[in-house]
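Thanks for making time this morning.

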Amino acid sequence: MTSYTHRQSAHCESGVVANMLSSRGLAMSEPMAFGLSASLIFAYLPMVKMAGQPMIAYRMLPGSIIRGVSRAIGVEWEDMKFGSADAGMQAMDDALERGEIVGAQTGIYWLPYVPDDMRFHFNAHNLVIVDREGDQYTISDPVFPDLNVCDAASLRKARFAKGVMAPKGRIYWPKSIPDNVDLGPACLRAIRRNAKLIRAPMAPMIGVQGIRMVGRKIRSMEKKQGDGPALRAFLGHIVRMQEEIGTGGAGFRFVYAAFLEEAAELLGDDRLSQASKELTDAGDEWRRFALAAVKMCRDRKPMDGGELQAILNTIADREAAVWKKLRKI
């Protein structure tokens with residue numbers, strides 16, 4: 001088997017990038033990979049529907065972490081998609097035969113080692129294929145604590161799953177890594193870029209303005225429609241996107257806070273350490289929002305759109321304050 005150390009992570013794409021680069025000699029934590037990619041965001045996109053509900057995202061689109069790390073430190077990736085499943089499987093086998101570790105985009109629903117209660121149709125789940133014996137593949141899936149095994153037929157189905165964000169057999173691996181990577185300056189550039197993205201003054205559905213917009217939407221639905229099925233479905237959707245898809249709103253805030261702490265140590269800058277603490281506080285507020293929304297949806301406390309809007313406004317205030325400071329660093 002190719003030399004490779006499996007590490008469990010909070011999020012699949014950032015975990016895969018960190019594990020693959022570390023295996024190629026560039027030691028990197030998951031928070032560092034996520035932070036360098038400048039992928040923390042909030043987006044409320046009512047014109048884009050997911051299961052009949054508006055798209056709500058707490059990070060940039062799938063693939064942005066790989067591209068972002070490349071932009072930040074100059075890593076070049078071999079990145080391929082396929083029109084034919086036969087060609088895609090052959091290319092993966094050839095790469096493994098050459099000793100590559102192979103990253104892959106998959107549909108998580110079709111992976112046989114995933115427990116039934118964790119399965120849903122999500123086609124942007126990333127993992128690493130590290131070895132093959134016959135038609136059995138050794139899989140480093142960062143969601144799980146240990147390596148797993150997947151048969152060829154299931155892996156083929158997962159790599160060529162149909163639907164939104166269809167992976168089309170996508171595989172990738174680092175093609176070249178710069179000899180001397182100075183993470184300190186790269187961290188600063190990434191932080192400033194992310195600060196610019198998330199404050200997004202001209203885009204009212206993005207960043208802190210988007211968070212406030214969701215609060216107004218909840219309040220408006222309650223006033224117009226009461227606490228009926230429409231509002232409950234909307235709240236359930238927000239919480240699911242926050243807590244179940246990837247690591248969600250709070251989870252990504254915690255991962256980014258860990259990146260800021262790591263950057264603070266690299267640069268000897270206490271301002272980054274303070275920003276890490278403040279962003280962790282914002283993550284705690286996201287969790288408080290989710291808990292309150294779930295209780296209201298399940299009639300364990302009275303529906304109160306005003307309370308939920310107030311929590312979201314608190315989150316927006318805290319995140320705005322953090323990013324205002326970070327933009328000046």
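Predicted model: local features only at pLDDT ≥ 70, side-chain atom pairs only at ≥ 80, totals over all residues.

D227 is partly exposed, at 40% relative accessibility, and together with R232 and D299 it belongs to a network of salt bridges.

By the same rule, the count for the structure comes to 15 salt bridges. One of them joins D317 to R212, with the closest N and O atoms 2.8 Å apart. Because D317 sits in helix α11 and R212 in helix α7, which covers residues 207-225, this pair ties together parts that are 105 residues apart in sequence. Both partners count as partly exposed, D317 at 44% relative accessibility and R212 at 26%.

Another salt bridge brings together the side chains of E278 and K325, at 2.8 Å from N to O. Here E278 belongs to helix α10, residues 270-297, and K325 to helix α11, so the pair links parts that are 47 residues apart in sequence. As for accessibility, E278 is buried, with a relative accessible area of 17%, whereas K325 is partly exposed at 45%.

While we are on helix α11, which spans residues 305-327, I would also point out E319, which lies in it. E319 counts as buried, at 1% relative accessibility. From E319 to D116 the distance is 36 Å in space, C-alpha to C-alpha, and the two are 203 residues apart in sequence.

Which residues form the positive patch? They are R67, R71, R193, K196 and R327. Helices α3, residues 64-73, and α6, residues 183-199, each supply at least two residues of that patch. K196 lies in helix α6, and with a relative accessible area of 57% it is exposed.

Finally, the cysteines. The structure holds zero disulfides. C150, for instance, is in none, and the nearest cysteine sulfur, which belongs to C12, is 15 Å away. C150 counts as buried, at 0% relative accessibility, while C297 is partly exposed at 22%.

Key: Residues numbered from 1 in each chain as written. Heavy atoms only, no water. Patch = residues over 30% accessible without salt bridge, like charges linked within 9 Å, V, L, I, M, F, W, Y side chains within 5 Å. Areas by Shrake-Rupley, 256 points an atom, 1.4 Å probe, with all protein chains shown as cover. Salt bridge = Lys/Arg side-chain N within 4 Å of Asp/Glu carboxyl O. Lys, Arg positive; Asp, Glu negative; His and termini not counted. Charge placed at Lys NZ, Arg CZ, Asp CG, Glu CD. Helix = DSSP H or I, 4+ residues; strand = E, 2+ residues; numbered from the N terminus. Buried < 20%, exposed > 50% of the residue type's maximum accessible area, 1.4 Å probe, protein only. Disulfide = S-S within 2.5 Å.
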